[in-house]
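Please look at the sequence and the structure shown here, and keep both at hand while reading the briefing that follows.

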Amino acid sequence: MGKVYKRTLFFIVVWEICFGFAFGNSKITEKKLRPRVNYKCKKVEGGAVQANEVWAWVTTGHEEDFDFNYPVTDVGYFAADVDCYGELANVPDRKKFDGFSGRVHLVIVCDSKSLTHFVVDPKYGILEKMVNDIMKAAEPFDGVNVDYELIPGKDAANFYGFLDKLSSECKRRKKMFSVCVPARVKKIDDDVFPYEKIAAISDRVMIMAYDEHWSTGEPGAIASLGWCKKIIEYAVTVIPKEKLVMGLPFYGRSWADERPAKAWYWEGVNRAFKEYGSGKVIYDNTVPTFEGSMKVKMKFWFEDLFSTVAKLRLYAGYDVNNFAFWRVGQEDPRIWDWITIDNDAHKRE
């Protein structure tokens, strides 16, 4: 039996190597497809980080980036949005996560201050219909996640009322209700995202602890450890730990000392021709054009295994063990080997 077993195992391994690429479901293939690390990543010491909940944001069109075997308890399926008529649009297909053992949440967004105003202000008659449409779309999902980030200052109370209605409907239907909020290091007067009020009506509050620096600003970390420490220190004073979910970035950003893709004054084009041009201007259908080359200095800040584990351990040090990642497909894939789920804690939920 030993020889037969070894021979069978040999053929299975050969089959996986030869044919796994075609079928895309081989764990051997998956490991071989991991990209080579082209720099010396700082070594991670110690063991894996234990989590109660791990939320992973998956965007429509990128479902293949998610592996059902990842240590993930909750998927935030991004996203249903609001169209120009004030109607819910682009609802993700829940069936694409059939077979996933965790919870799948319908993420809703509104990427316009004007549309947000018309949706949440009751006087326009859209709010009730939007709540009903969201709950209808959420029927096959385990929860609703609100990721409205463009709230006009005057609509703070209206936004809270919108959240309160959704929370009540989710509770009635026994669905989890969660809200994404921007990072705060202290209480802000007239905040449109009051942590305490939102936590009072939510099952989970996701703090988006990233975008400390933006591509349009000065170069810097997406989420430096010192900045994250200030966020968690404040968060635990106003949000119950069992409701708190700390968001972490998987992505990086780049900055350049030149921005060649832009509109130019004639004076600037004339100078660019002298400094970077090929030496020849031609007229194409009466319009002048030239080609040139410009050296651009790039500055990158990004997240990898070491930086991500460092933040996970920081939050765990405050007894916060619920994490969320934006977004799957952007990560250093080694991170999944450094997270374990506390199954007992998850079952208690």
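His-105 touches Trp-55, Asp-74, Val-75, Gly-76, Tyr-77, Phe-141, Gly-143, Val-144 and Met-176, leaving aside residues up to four places away in sequence, where contact means heavy atoms within 4.5 Å. The model is a predicted one, in which local features need pLDDT of at least 70 and side-chain atom pairs count only at pLDDT 80 or more, whereas totals for chains, interfaces and linings use all residues. Residues are numbered from 1 along each chain as its sequence is written, and side-chain values use heavy atoms, with hydrogens and water left out.

- His-105 has its place in strand 5, and strands here are DSSP runs of E with at least two residues, while helices are runs of H or I with at least four, both numbered from the N terminus.
- With a relative accessible area of 0%, His-105 is buried, a word that stands for under 20% relative accessible area, whereas exposed stands for over 50% and partly exposed for values in between (1.4 Å probe, protein chains only).

**Helix 3**

- In helix 3, which covers residues 113–120, the residues Leu-115, Thr-116, Val-119 and Val-120 are buried.
- These residues lie on the same side of helix 3 because they cover an arc of only 115° around the axis, the arc being that of the directions from the helix axis to the C-beta atoms.
- The buried residues of helix 3 pack against strand 3 (74–82), helix 4 and helix 5.
- At the start of helix 3, a side-chain oxygen of Ser-112 comes to within 3.3 Å of the backbone nitrogen of Ser-114.

**Helix 4 and helix 5**

- The axes of helix 4 (residues 127–137) and helix 5 (residues 156–172) come within 10 Å and cross at roughly 35°; axes are lines fitted to C-alpha atoms, for helices over the stretch in contact, and angles run from 0 to 180 degrees between N-to-C directions.
- On the side of helix 4 the contact is made by Leu-127, Glu-128, Met-130, Val-131, Ile-134 and Met-135, and on the side of helix 5 by Phe-162, Lys-165, Leu-166, Glu-169 and Cys-170.
- Eight residues of this contact between helix 4 and helix 5 are nonpolar, three are charged and none is polar, where Ala, Val, Leu, Ile, Met, Phe, Trp, Tyr, Cys and Pro count as nonpolar, Asp, Glu, Lys and Arg as charged, and the others, Gly among them, as polar.

**Cis peptide bonds**

- Phe-78 and Ala-79 are joined by a cis peptide bond with omega of about -10°, and Ala-79 has its place in strand 3.
- The peptide bond from Trp-326 to Arg-327 is also cis, with omega near -20°, and Arg-327 is found in the loop between strand 14 (322–326) and strand 15 (339–341).

**Residues in loops**

- Asp-211, a residue other than glycine, has a positive phi near 65° and lies in the loop between strand 8 (204–208) and helix 7 (225–238), where Asp-211 counts as buried at 17% relative accessibility.
- Thr-286 likewise has a positive phi, near 80°, and is placed in the loop between strand 11 (282–284) and strand 12 (287–289), but Thr-286 counts as exposed at 67% relative accessibility.
- Gly-99, found in the loop between strand 4 (88–89) and strand 5 (103–108), is exposed with a relative accessible area of 70%.
- The C-alpha atoms of Gly-99 and Phe-68 are separated by 8.0 Å, although the two are 31 residues apart along the chain.

Note on methods
Polar contact = N/O pair within 3.5 Å; in protein donor to acceptor, adjacent residues only side chain to side chain.
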